[in-house]
Each structure stands twice: as C-alpha cells, then as structure tokens.
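Trainee: I am new to this structure and would like to go through it with you, one topic at a time. Could we start from the model itself?

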Amino acid sequence: MRVLHYGFGGQMITMCESLKKIGVNSKSYHMMSSTQKFKADVCFEQKELTKAQLNRILTDASKEFDVFHFHFGRTFMFDRSDLPLLKAQGKKLIVQHRGSDVRRISIARNFNNPYVQIKKGFSDENKRISILKQLSASIDHAIVADHELKPYIEGFYKKIHVVPQAIHLDHFLPKYPSLHQEKPLIIHSPTHYKVKGTKHVLAAVDRLQKEGHRFRFRLLTKLSHEEALKLYRTADIVIDQLLIGSFGVFSLEAMALGKPVICYLRDDLIEKYPQELPIVNANPDTLYLNLKSLLVDAKKRHHLGQQGRNYAEAHHDSGIIAKKLKQIYEEI
C-alpha cells in the first residue's frame, strides 16, 4: 500500500509519519507555505504553478501511489478535475475535512450555539456545497476529527469516519504546572482571532488584571510550530477556542504537555467525547469565572494537567490513529 497525503497542516504530516512507523509507505505533499514551518516530504506553492506543472506532479503521483488522502478538500487541481481521472485509474480516494472548509453558519446555528463564527473568505455557503459535491462525486469516504463536523458533510459521502486528531506523544514531554507558582502563565495561541474568540480572552484577562490577580499572559501569533511548542511547555493555563464548540489540535498539544486547558464544548457534543476528557468547558460568558478558578487553585491546575496527559495517551496516540487509518484504507 502506497499512500499520498495531499493538502496542508501539521496533522497531515503527523498522520503520514505515523503510517510510516507501522510499515505503510506514505508521503506528505504540502501545497502551501506556512508560518508554522511544517516539515512535509514534498513542499510547493500550488497557486504559483501552472496547470501543466500541476499535471506533471499529478501524473508522477498517479504512477507512485495507490491511495490518495486529501486534506481540507484540496486536490492537485483547483477545480478538482483530477479526481475523476484518479478514480478511473482505480485509485483509492479519501478526503479529510478539518473545519473551515465545510463549516456553515446555517447548520452551526442549529445546535444552540450563539457564539460560532465563520472565517472571512469561507462564508459563501453555496461555494462550500459546490465543493462538497465535486469531491463526493468521485470520493465515497470522508474523515472528520470529531462529531462537531459530521453534520456539515452528511448526505454527501457514502461513509463518514470519525478519527481523532493524532499526536506523537514521544515529542511531548509533559511539564505539569507547579504547585508553587505564584504568578501562573496563561497562554492563548489563536490562528484566527475572530473564530477563536480572542477578544473574549483579552477581555477576561484585562478584568482579572484590574482586579489585582497575579499572573502573566502571552498571546502567541505567527510562530513556527517548534517555537510555539517551546512556549506552550512553559504555560500553567492554556486557553483554546471559545466559539466553535469543540476542541482542536492546540488543546490536544497542551494536554499532551500536561497543561490544564480551557475550551468551549457544545452541550450536545460533550457526551460524544470519552467521559474522562478533562477540558474546562467555558464559553465567552463563563470564561472569566473559570479562568479565575484556575488562577487561584494550583492543585487543580496540576491535577488537570495530569489528567490531560493521560487523556492524550489513551485517545490520541499517533500509533493508534495510524492503525485506524490503515483499516480505513483497506476498507475503501
């Protein structure tokens, strides 16, 4: 089995590396640069290549790979005209949706979530639907990381697989919050201020500072992934996203590092996660109180950090995720 992962992002690369470790011939093609400087097997700027150049890459890939795993709905051709060609060649095709590529406000608001936001440039629902139709015309199987994303793609694909985010646990040495830290460090690292609810984080932090609480705060942006992880490791409290209603890779990495995490989890999704998920559930209206509770309780911070590491080990180990992916590829 020879598998190509095509798209962008750290999860794609982690999956690919994990598959290699269990003996699956796998390669990652990263089709755009990133401030996070992810290290893929092949990296190029798709938007700067001509159609002829993309065709050559596609032709070479079709000779080398049996399985094509596309991420974020991106394929070799911007119009996805490569998919019927690959299908006609008998290639196994699967797409993995990550969030903004399929999330639509009209559906999100059906789940009693008054906070959800859509990224600028992704608000055209007709475009999202058109792309899903293009993909599902040739692809029967799709993957999402959790149940929050399922409603956006139901009715398009014949089979939807829920595969949790993957993490190389051996790359994440836990450092639990000190029981004696008098000025805890709070970290928030948004990829998109509006979607992650950063203004609510800043408001809560400002209120706590004015009340005289002793802590440090760092807002991390435009860092390489390696630089960001070094700073995550110094944190005592991590605040992830507050609007979408599910947790992402930032929360997972923080838990793997042994940090207590604050994130908004939609009420209807909580039962979909394993019971031991230790995330402190907070939305924009409850962030202040939840953050204050952690600031004044070092034992709670330490305990949640330990629980987070245990949770990452039990449910997100990249080796376990790689085996799940292999089973899906064999099923296609």
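Mentor: A disulfide is a pair of cysteine sulfur atoms within 2.5 Å. This is a predicted model, in which local features need pLDDT of at least 70 and side-chain atom pairs count only at pLDDT 80 or more, while totals for chains, interfaces and linings use all residues. Residues are numbered from 1 along each chain as its sequence is written, and side-chain values use heavy atoms, with hydrogens and water left out.

Trainee: How many disulfides does a search of the whole structure find?

Mentor: Cys43 is in no disulfide, and the nearest cysteine sulfur, that of Cys16, lies 13 Å away. For the whole structure, the number of disulfides found by the search is 0.

Trainee: Is Cys43 buried or exposed?

Mentor: Buried means under 20% relative accessible area, exposed over 50%, and partly exposed in between, with a 1.4 Å probe and protein chains only. Cys263, at 0% relative accessibility, counts as buried. Cys43 has a relative accessible area of 52%, and therefore counts as exposed.

Trainee: Why is strand 1 largely enclosed by the rest of the structure?

Mentor: Strand 1 also runs parallel to strand 4 (residues 67–71), with 4 bridges joining them, and His5 stands opposite His69 there. Strand 1 covers residues 2–7, and it is largely enclosed because, of its 6 residues, the number buried is 5.

Trainee: Within what arc do the buried residues of helix 5 fall?

Mentor: In helix 5 (residues 125–136), the buried residues are Glu125, Arg128, Ile131, Leu132, Leu135 and Ser136. They line one face of the helix, because, seen down its axis and taking the directions from that axis to the C-beta atoms, they fall within an arc of 125 degrees.

Trainee: Which exposed residues does the face of helix 5 turned away from its buried side carry?

Mentor: An α-helix has 3.6 residues a turn, so residues three or four places apart point the same way. On the face of helix 5 turned away from its buried side, the exposed residues are Asn126 and Lys133.

Conventions
Helix = DSSP H or I, 4+ residues; strand = E, 2+ residues; numbered from the N terminus. Pairing = 2+ DSSP bridges. Expected span 1.5 Å × (residues − 1).
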